[in-house]
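Morning, everyone. I will go through one structure today, starting with a chain and then moving to an interface. Please have a look at the slide.

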Amino acid sequence: MKTAAMVLAAGLGLAPFPAAAQTLSDPQIAAIVVTANQVDIDAGRLAQKRGSNADIRKFGAQMVTDHEGVNKSAVALVTRLKVTPEENATSRSLKADGDKHLARLQALEGAAFDQVYIDREVAYHEQVLEAIDKALIPNAKNDELRALLVKVRPAFVAHLEHAKMVRSSLGKD
Amino acid sequence: MGDARRALSRLAVLGGLLSAVTCGRGAAGPQPATHTVTIEAMQFTPATLTVSSGDTITWVNKDMFPHTATATGRFDSTVIAPGESWSHRLSSPGEFPYLCTLHPPMRGTIRVE
């Protein structure tokens, strides 16, 4: 039986965790949202400084601005709803994976940095979108939390399209 | 003298009628209007907007992140922060595609008639 959490973990290229895992609670969803944004903020900060192509630097800066905007709204909402984000296996895996990717980027420079960064941005946004659709929105119990996820979804779609545009202009795809 | 006075008063009435008609709405041409484009969920709504020359368009950013409304060489809002708005009056007729420079997939068109 595939639980929402297993779908999420598998989609993000992570090892699925035990079948005993329950469906996601609102506090767990909140932690996943905040972590997912933070991972892209961290990568974006690195890209805006270290990207060799101007479009990469600009894209990285936009990821920082947009994902900080989403986190600001998400934190404001959960604070008002008195929902405390609850770290869970999925949010921890997201963070660990993000840190691993950052370490890999730190060792790169020039065109190699740009390529690895943008390839990951395309894959990451695809995976987060799948997680939003298959795990986060279906499991959200609070109407306002679900509405926030629905409102945020188009941003991930736009980011994905934008990342693909930037990737093509790097001479690939 | 009665004729002259009657003629004059008829002229005055006529004059009054004429000024009433020309100063009324519609007779001097349509009043400039203000239109709103809402920026939300990474979209410009309405995506295509038709306005009359001299009208004003106000873009309102209801999204969680900044956007722009930019038609290179025509108009550029520069950054519109969440919750902020930007107004622009368009005089030249034509069709003006525009986009958000921060999120290039976001597109809209203004048609000025």
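A word on terms before anything else: contact means heavy atoms within 4.5 Å. With that, among contacts in chain A between residues at least 6 apart in sequence, 77% join residues at least 24 apart.

This is a predicted model, where local features need pLDDT of at least 70 and side-chain atom pairs count only at pLDDT 80 or more, while totals for chains, interfaces and linings use all residues. Residues are numbered from 1 along each chain as its sequence is written, chains are lettered from A and ligands numbered from 1 in the order in which they are written, and side-chain values use heavy atoms, with hydrogens and water left out.

Chain A has six helices and zero strands; helices (H or I, at least four residues) and strands (E, at least two) are DSSP runs, numbered from the N terminus. Of the 173 residues in chain A, 50% are buried, where buried means under 20% relative accessible area, exposed over 50%, and partly exposed in between, with a 1.4 Å probe and protein chains only.

Now salt bridges, that is, a side-chain nitrogen of Lys or Arg within 4 Å of a carboxyl oxygen of Asp or Glu. Over all chains there are 11. A:K95 and A:D99 form one, at 3.1 Å from N to O, and both sit in helix α4 (residues 89–106) of chain A, four residues apart, about one turn. A:K95 is partly exposed because its relative accessibility is 38%; A:D99, at 35%, is partly exposed too.

A:E130 pairs with A:K134, closest N and O atoms 2.9 Å apart. These two are four residues apart in helix α5 (residues 110–139) of chain A, so about one helical turn separates them.

Which residue does A:D133 bridge to? The partner is A:R153, at 2.6 Å between the closest N and O atoms. This pair links distant parts of the chain: A:D133 is in helix α5 and A:R153 in helix α6 (residues 143–169), 20 residues apart.

On to the interface. There, 14 residues of chain B are in contact with 17 residues of chain A. In chain B, the residues that lose the most area to chain A are B:M64, B:F65 and B:P105, together 46% of what that side buries; buried area is the accessible area (1.4 Å probe) that two parts lose on being put together, summed over both. Between chain B and chain A there is one salt bridge: B:E40 with A:K151, closest N and O atoms 3.1 Å apart. Strand β9 (residues 103–112) of chain B gives the most to the side touching chain A, with four residues.
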